Amino acid sequence: MYDVAIVGYGPVGATLAGLLGKLDLNVAVFEKSKEIYPKPRAVGFDHDAMRIFQRLGVSESIQPYIEPFREEIYVGSDDRILQHFKHMEKPYPLTWNPHFTCNQPSIERVLRDTNASLPNIHISLGAEFINFEESIDHLNLHIKNSNNQSIVCKTKYLIGCDGASSLVRRQMGIEMENFDYDEHWIVVDMKVKEEFLNQLPNVNVQYCKPQRPSTMICCPGNHRRWEFMTVPGDSLEDIVSENRIWELLKPWIQPNQAEIWRAAAYRFHALVAHHWQEKRIFLAGDSAHQTPPFLGQGMCQGLRDAGNLSWKLKHVISKQADISLLQTYTQERRPNVLATTQIAKECGLIISERDPQKAKERDEKILAENNGGTKFILRQNLIPPLDAGLIDLSSPLSGSVFPQPVVNVFGKSNILMDEVMQPCFRLVILEEKISENELIKINQQANSSKIKIIILKSDNSCAAQTESSSIEVIETLGIVRNWLNEAGCIGVIVRPDHYVYSGIVSSSKMADCMSDLTSRLLQ
């Protein structure tokens, strides 16, 4: 019997399989297609996703297929710049660039090659999921394999990562909630000849033009993407023909300057499943939610699903937590996806206004809100923290993402903080805020609670070798120290997925925070 079976092996399914595999769970993957889809779909991900790729051990392998995401401007109906999505200032909170553009097929290939090296991940390509049957302590999956033979797979848990038309979701009987964004767009991916790249914008552009709203995105290398909203009179079949594509691209580029890589008609949706779990069955990625692309969060949402669910399944299967922990997957991820999807939808409504008078009013309103100037936005500040689930809502910083600075430890210099220890619950504490006697007591409790301790030392000290439950680190840029001080905290308890369970305001609160966490995991 498998611990977990995954239906669908796109980027979310592959990431989930890798995370579960690295947690020593026995994983089965079933994917109907025999090959990776060779053309681009998702073209971006953020530093949260990169942190997950780091955990999978692929952050270096994917470097040839990614580039930092460029800044983005919204151009109004009279060519004034309405909004400007700017980059964060360094040092970045997770050290990685806040956002990347990517070649999705190449990313998927790296993920699959890495998973293939783990003997506890069993991958079946060309295998079609038919249905499932529920038993008391497992599920029976009926699969038609690549030889057209019917087989039965037994698994403790099932995760549907099988996309927008998810068969797993339909068999669960779960409906999608519609958030009133449903528009037809044309997506055109181009390979531009090197000598003509400089004549194109060197930033990403949202053309908020009522005649035909459109987008241009700078992807890795010579890949450029255009997206065009359809307008009355368009034929979805005709508009993706070569002649019509070149007509649409005429303001930017000519046929002798680029080649068409892919052109496809899409319906951009804002849809979220009402429920993401039924007993032993879960949804993740596009099977659970579909987000308009205007915030670059489509694939990121699914990768966050993977990061959230994987460690919880491990804790429950290994009896480190009560099965009720799994309910927090939907409690945490669904509201977070709803909030992010709403922001993406609002960006889409700005871009896709078709009425000329309303577009003019939109421009004036946005500019007036900023004293007649451009509105500057940090993209990553738009992503909300968790606001429910396994977090201590009464404490500062709960539900936020714990930073990842570069640190020095005993025997190692300039490493990313996540590399200091395997994903686990950990107490990160400022050294000067806790006495030696307090630390001895906290170490004892942490050991019994299976919580590791990271002691953040001052800049001018040295990291010493410590007992196995704790480790001393020295930051190089003070990211965590400043973050804690700004929130009035002396430390935090961090979950395996790097979300903060609880902010700690005094040393006297540490023992209670750890006890509360242990009680909630085992209740």
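The second largest cavity is lined by Phe69, Arg70, Glu71, Phe85, Lys86, His87, Met88, Pro98, His99, Leu378, Arg379 and Gln380; a cavity is a set of points, on a 1 Å grid over the protein atoms alone, where a 1.4 Å probe fits but cannot get out, and lining residues have an atom within 4 Å of a point. Its volume is about 110 Å³, a volume being the space filled by probe spheres set on the points, which are joined across faces, edges and corners. Five nonpolar, three polar and four charged residues make up this lining, where Ala, Val, Leu, Ile, Met, Phe, Trp, Tyr, Cys and Pro count as nonpolar, Asp, Glu, Lys and Arg as charged, and the others, Gly among them, as polar.

The model is predicted, with local features requiring pLDDT of at least 70 and side-chain atom pairs pLDDT 80 or more, whereas totals for chains, interfaces and linings use all residues. Residues are numbered from 1 along each chain as its sequence is written, and side-chain values use heavy atoms, without hydrogens and water.

Across the whole structure, three cavities of 30 Å³ or more were found.

Definitions and conventions: On a 1 Å grid over the protein atoms alone, a cavity is a set of points where a 1.4 Å probe fits but cannot get out, and a pocket is an open set with protein on both sides within 12 Å along at least five of seven lines; lining residues have an atom within 4 Å of a point.
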